[in-house]
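Here is a short briefing on one protein chain. Keep the structure open as you read.

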Amino acid sequence: MARLSAMMSVAQAGLTRLPSEQERLRPLERLATGLRIQRAGDDAAGLAIAERLTTTLRAQGVIGRGLNEAIGRVQQADDGLGCIAELLQQGRELAVAAASDHLDDGDRAGLQQGLRALIDQIDAIATGTRLFGHSLLSAPRTSGLTPTLDEVFGQTGRTLSLNSGLRPLAYLPAGMRNVQVEIDALGADDDLQVFTTDGRHVLGTGLHDIGWRGNGIGTAEQLEGQVMLRTLGFEAGARLEAGALLDGRSGFVDPGVPGGAPVSLMSTSLGGMTLGYSGDGDHHDGTPDDGQVSGPWRHEMLTIGEVTQPLLLMVTGAGRFEARASWSDAQAVDRAIDRSRLSVLLQADAGQPVQQMSLEVLPADSGSLGLSGVGLASREAAESSLTAFDRAIGRISQYRGRFGALHGQLERALDLGASTLENLGAARGRLLDADMATELGTLTRQQVLAQAAQALQGQTAALPRQVLGLLLGG
């Protein structure tokens, strides 16, 4: 009986070591998925850390794709600048040829046509060098808070009563055609003024005029500080350039009754467009610059066949005037966003501030390079164009240097991101990945225990029959 009792105790001890159903399934789950943490109960702290690492890992993958896109943009922009640099060198060669005394006006006219074609190619490359919908060589020209001409008048041919002052009346976007603006000063001296967005005073009256002085503007610094503002449509850092001003004092052509028969106006050329101007009546009515006009001197007119670069139209003075405007092919103006810089994300770790860098837009169109007024019609103009080309070539060289430095910075950021991605993946793996050897050993041990328990259970069930046989045999 003592032997029977001992065998029963051993069998019970073996049965108590059998793993539970959950314990038997857990190694199988880990081996099947390769993950140590199947649910929060397995390791709550480890799961929280792993989720943060997963968030950062996924963000870093997206950032890497963005950096590759940015590198592509910079490479594309540098290729475009290389083409523009070559065109600038060709333009300078034309200017050198035109500056020679052995050429006549006909020869220079042929060179001028070639120059115009080169400048058109420069503009086409600056606006067309795009990748992923963006360009680093052309920034959109926006009108700021200044409405476009068609927004001011609503419909072509309409006459309005407006106030003169110190802010642009209307923005004329590139592409607008057949522009004609006529004003009636109604007795006061109100003058048309036209500026490019970078500050070139194209036509109107100089700062000596009473229309400017009556509004407190007498110097270039005052004009730049109070009028040439980005919010009004001027480019950042715009500076007054009045050297090529078609000054209203130089003549006056009576435009007649608004809407009347066309008249021959004074004209000036800029960037392939021709602007007609009637002049300033107040300087030709017998009492110059007294702020008062009457009769035919009250009327001024502006005409533009095609606007090839954005212009800002002002009417300076101290009173009200009537204006009539007509045009065709009005262009939509983008005021919603400023793409003077494009942002690229560098880091977006979970719970940390976002880090980014900016890809600066470096406009390389002819207007931004200072080539809008270049010409080869005379030797003097050709010599002036040489100076403009030298400045433009120097600026392109600076741009390429800045893009080269930016390319290196982006490459280093991409390499750092790849290293970070590898380290974060390893850290996450140490938290989440199952130890296959350990799990396989645990599964084997459980299987051995289960088989041993089953064998011992069979032996235990057979003991009573063996004891009974002994007793009956005895």
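Predicted model: local features only at pLDDT ≥ 70, side-chain atom pairs only at ≥ 80, totals over all residues.

The protein chain has nine helices and 13 strands. Of its 474 residues, 41% count as buried.

**Whole chain**
- Take the contacts between residues at least 6 apart in sequence: 77% of them join residues at least 24 apart.

**Helix α3 with helix α8**
- Helix α3 covers residues 44–98, and helix α8 covers residues 379–432.
- The two helices pack at an angle of about 165°. Their axes lie 7 Å apart.
- Why do α3 and α8 count as roughly antiparallel? The cut-off for that label is an angle over 145 degrees, and the angle here is about 165°, so α3 is roughly antiparallel to α8.
- The crossing of α3 past α8 is left-handed.
- By class, 33 nonpolar, 15 polar and seven charged residues make up this contact.

**Helix α3 with helix α4**
- Helix α4 spans 105–128.
- α3 and α4 also pack at an angle of about 165°. Here the axes are 10 Å apart.
- These two helices are therefore roughly antiparallel to each other.
- In passing α4, α3 makes a left-handed crossing.
- Residues of α3 in this contact include G80, C83, I84, L87 and L88. On the α4 side, R108, L111, G114 and L115 are among them.
- The residues of this contact divide into 13 nonpolar, five polar and one charged.

**The five-strand sheet**
- Which order do the strands of the open sheet follow? The order is β2-β10-β4-β5-β6, and the pairing is mixed.
- β2 (170–172) and β6 stand at the edges. Each has a single partner strand, so one side of each is left without a neighbour in the sheet.
- Strand β4 (residues 191–196) pairs with strand β5 (residues 201–204) in the antiparallel sense, over two bridges. V194 stands opposite L203 in β5.
- β4 and β5 form a hairpin with four residues between the strands. In this hairpin, G199 takes a positive phi near 110°.
- β5 pairs with strand β6 (residues 246–247) in the parallel sense, again over two bridges.
- L203 has L246 as its bridge partner in β6, and G204 stands opposite D247 in β6.
- In a regular strand, side chains alternate between the two faces of the sheet.

**Residue L137**
- Where is L137 found? L137 is in the loop between α4 and α5 (149–153).
- L137 has 0% relative accessibility, so it counts as buried.
- Leave out residues up to four places away in sequence, and L137 still touches A77, G80, L81, I84, A126, T129, L362, P363, A364, D365 and F403.
- L137 and G80 are 57 residues apart in sequence. In space they are 8.0 Å apart, C-alpha to C-alpha.

**Residue Q60**
- Q60 has its place in helix α3.
- Is Q60 buried or exposed? Buried means under 20% relative accessible area, and Q60 has 8% relative accessibility, so Q60 counts as buried.
- Beyond residues up to four places away in sequence, Q60 touches L346, G417 and L421.

How values were computed
Residues numbered from 1 in each chain as written. Heavy atoms only, no water. Buried < 20%, exposed > 50% of the residue type's maximum accessible area, 1.4 Å probe, protein only. Contact = heavy atoms within 4.5 Å. Pairing = 2+ DSSP bridges. Axes fitted to C-alpha atoms, helices over the stretch in contact; angles between N-to-C directions. Parallel < 35°, antiparallel > 145°, perpendicular 65-115°, else oblique. Left-handed = near helix turned anticlockwise from the far one by under 90°. Nonpolar A, V, L, I, M, F, W, Y, C, P; charged D, E, K, R; others polar.
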